[in-house]
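Here are my notes for you on this model, point by point.

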Amino acid sequence: MTEWAGGELADNVEAVALAHLMEAARDAMGRAYAPYSGFPVGAAVLADDGTTFLGVNVENASYPLAVCAERTAVGTAVAAGARRLLAVAVASRGEPPATPCGGCRQVLAEFNPNLVVLVGGPSGPWTRYTLDQLLPHPFLHGGAAHGV
Ligand SMILES: [Zn+2]
C-alpha cells in the first residue's frame, strides 16, 4: 500500500514548480476546444517524478460528451505511466476562476486525495487548495491511491 504523504508532500512542492505549473495550465488554455461553451480551460498536472502533463477541455457537438481539462490531463499522465500526482493547476477565464467540477475532483482523488490544487485566471495570482478541502471523504476503493 502506497503511503500518501498528504500535507507533508504538498508542503514539499516548490513554489517555483507551482508557478511553472500554473503557467503551463494557462498556456494550455489557449489550445482548448470549447466552441460551444466559449469557456476554455487549461490544466496541468505534476507527477511525482517532476513531469508535467497538460490537458484542455474538449467539447463535442453532442454536448454531454465534453471532457474537462483536468481529466484529459490525468489521462495523458496515466498513459505515460504516472500513478502519483502532486499537484494540478487549472486556468480559466471564470470570475472567480473555476475550481475542478465534482467529477474531476473524484478522478483526481484516485491519484492523490491530498493533491495541491491551484486555480487561476489567465494571469495574476492564483488560489491554492488541497483536494481534501474541495472533496472531503472521496470514494476510494483500491486503485492508485492505495498503491495498486
Ligand atoms: Zn471537470
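1. Overall make-up. The protein's secondary structure amounts to five helices and five strands, where helices (H or I, at least four residues) and strands (E, at least two) are DSSP runs numbered from the N terminus. Read from the N terminus, the order of elements is α-α-β-β-α-β-α-β-β-α. Please keep in mind that this is a predicted model, in which local features need pLDDT of at least 70 and side-chain atom pairs count only at pLDDT 80 or more, while totals for chains, interfaces and linings use all residues. Residue numbers start from 1 along each chain as its sequence is written.

2. Of the 148 residues in the protein, 37% are buried. Here a residue is buried if 20 or more other C-beta atoms lie within 10 Å of its own, exposed if 12 or fewer, and partly exposed in between, with C-beta atoms placed from the backbone. Among contacts with a separation of 6 or more, 62% join residues 24 or more positions apart; two residues are in contact if their C-beta atoms, placed from the backbone, lie within 7 Å.

3. The α3 and α4 pair. Have a look at helix α3 (residues 69-79) and helix α4 (residues 102-109): their axes come within 9 Å and cross at roughly 20 degrees. The axes are lines fitted to C-alpha atoms, for helices over the stretch in contact, and angles run from 0 to 180 degrees between N-to-C directions. The two helices α3 and α4 are therefore roughly parallel to each other, the term for angles under 35 degrees. On the α3 side the contact involves E70, R71 and V74, and on the α4 side C104, V107 and L108. By class, the residues of this contact of α3 with α4 are four nonpolar, no polar and two charged; Ala, Val, Leu, Ile, Met, Phe, Trp, Tyr, Cys and Pro count as nonpolar, Asp, Glu, Lys and Arg as charged, and the others, Gly among them, as polar.

4. Helix α3. Its buried residues are A69, E70, T72, A73, V74 and A77. The cover over the buried residues of α3 includes β1 (41-47), β2 (52-56), β3 (85-92) and α4. After α3 comes G81, with a positive phi near 105 degrees.

5. A73 in particular. Which residues does A73 contact, leaving aside its neighbours within four places in sequence? They are A43, A44, V45, F53, L54, G55 and V88. A73 counts as buried because it has 30 C-beta neighbours inside 10 Å.

6. Helix α4. C104, L108 and A109 are the buried residues of α4. Viewed down the axis of α4, these buried residues fall within an arc of 140 degrees, so they line one face of the helix; the arc is that of the directions from the helix axis to the C-beta atoms. Exposed G102 and G103 sit on the face of α4 turned away from its buried side. Cover for the buried residues of α4 includes α3, β3 and α5 (131-134).

7. Backbone details to check. The peptide bond from E95 to P96 is cis, with omega near 5 degrees, and P96 is placed in the loop between β3 and α4. H137, in the segment after α5, has a positive phi near 60 degrees although it is not a glycine. H137 is exposed, with 8 other C-beta atoms within 10 Å.

Definitions and conventions
Angles under 35 degrees count as roughly parallel, over 145 as roughly antiparallel, 65 to 115 as roughly perpendicular and the rest as oblique.
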